[in-house]
Amino acid sequence: MRKLYLIFIFLIILPTVSFSQVKVVLEKPKVDKRIELLSIVFRLAGAFEYNMNNFKSYTDVIENHYAPYKHHRLITFTKKIRDENKIAFDAVMEMAIYLDDNLNLLKPYHRWGDENVATFVYLLKEFYKDTKSRQFFKKSKNIYAEASKRFLPIYNKIDTSWFMSFYGKPPKDNFLIVNALGNGGANYGISIELPKQNRKVYAVMGAWTTDDKGMVTFEMTDYFPTLIHEFAHSFVNELLDKNPSPFQDSGDRIFKFVEDKMKEIAYNDWHIMLNEALVRASVIKYMKDHLFSQQEIEKEIKEQKALGFYWIEDLVSELEKYDTERAYYPTLESYMPCLAEAYKVFAQKLPTNSQLSTQN
């Protein structure tokens, strides 16, 4: 009996041990010209989320080069489909990774509508040629190289095996960090899976701080939690997408309570809000698992509460509970029914106005 018990325990812990020992593919950070190009296109189309100028010495170069092309056929078309289909934020970056280096589709991309995508790709190739974008990217290569070099300390610190172990996903992902220098403070977690290839998980990192010479800088305290956040999106989003109905009542109730705060950060429904909450709780769990200081963890919690995620500590506690019961819940996906039940409690525990004023 004792021998059988030991075998049972060994089988339980084997997946975790295997994940932690797997060498996960993580390429060095770099600028991706596909992502940079689509960021530029939507900048010219007037998309507010692609018109931040934090890295001004670089965005000035963009404006100087591309200003004569603001009325190009592609830009006119982009404005049209953006307005009609609400194409914005991560939908732009996701489209970029569905293209190869020659701007051909790697696989169908349905999110924009097949006809819109076909026209956009055709006009994008025309735009690339007409705007002499090849010369632009060649001229900018030193900026790109220096920026990615400055990101290396953050790259060297991340533990990608944690994602596999914590979410219980098999180690079949390639992680990529993209320095999206024209994106300002906007960051995105996106992924693509192609036939007979590992899924590619992207953390598209903006550039929102610069030194006294105007060159982008990447402070560990600002950028590292954001990097964890964006990688987590590629594991978290699909969980709620598969079965949102158990979360709808509690999610809707919480969203109505924090709607003003959520809309300030472009989270316009309960579904997006819950995805973001789980990602942010995952960041704090990562920090705890990697022995960040209590001060750093408390700072992160305080920032999330200030954004309206008042239940973040309870959600982190729920993730810790999941992590202690992996014999029963080998993946976070298998734990989602428990999270749905927990959210019913979170919805009942929303702070009162007096508690909110105390927190602030």
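Mentor: Helices here are DSSP runs of H or I with at least four residues, numbered from the N terminus. The model is predicted.

Trainee: In which helix is Met 220 found?

Mentor: The helices are numbered from the N terminus. By that numbering, Met 220 is found in helix α11.

Trainee: Is Met 220 buried, partly exposed or exposed?

Mentor: Buried means under 20% relative accessible area and exposed means over 50%. Met 220 has a relative accessible area of 29%, so Met 220 is partly exposed.

Trainee: How are α11 and α13 oriented to each other?

Mentor: The axes of α11 (residues 220-242) and α13 (residues 270-289) come within 8 Å and cross at roughly 130°. Angles over 145 degrees count as roughly antiparallel, and 65 to 115 as roughly perpendicular. The crossing is right-handed. The two helices are therefore oblique.

Trainee: How many residues of the contact of α11 with α13 are nonpolar?

Mentor: On the α11 side the contact includes Phe 224, Ile 228 and Leu 240, and on the α13 side Trp 270, Leu 274 and Tyr 286. Six residues of this contact are polar and three are charged. The number that are nonpolar is twelve.

Trainee: Is Asn 179 buried or exposed?

Mentor: Asn 179 lies in strand β2 (residues 173-179). Beyond its neighbours within four places in sequence, its contacts include Pro 29, Val 31, Phe 151 and Phe 218. Its relative accessible area is 0%, so Asn 179 is buried.

Trainee: How far apart in space are Met 220 and Phe 151, C-alpha to C-alpha?

Mentor: In sequence, Met 220 and Phe 151 are 69 residues apart. In space, their C-alpha to C-alpha separation is 9.1 Å.

Methods
Residues are numbered from 1 along each chain as its sequence is written. This is a predicted model: local features need pLDDT of at least 70, side-chain atom pairs count only at pLDDT 80 or more; totals for chains, interfaces and linings use all residues. Side-chain values use heavy atoms; hydrogens and water are left out. Buried means under 20% relative accessible area, exposed over 50%, partly exposed in between (1.4 Å probe, protein chains only). Contact means heavy atoms within 4.5 Å. Axes are lines fitted to C-alpha atoms, for helices over the stretch in contact, and angles run from 0 to 180 degrees between N-to-C directions. Angles under 35 degrees count as roughly parallel, over 145 as roughly antiparallel, 65 to 115 as roughly perpendicular and the rest as oblique. A crossing is left-handed if the near helix is turned anticlockwise from the far one by less than a right angle, and right-handed if clockwise. Ala, Val, Leu, Ile, Met, Phe, Trp, Tyr, Cys and Pro count as nonpolar, Asp, Glu, Lys and Arg as charged, and the others, Gly among them, as polar.
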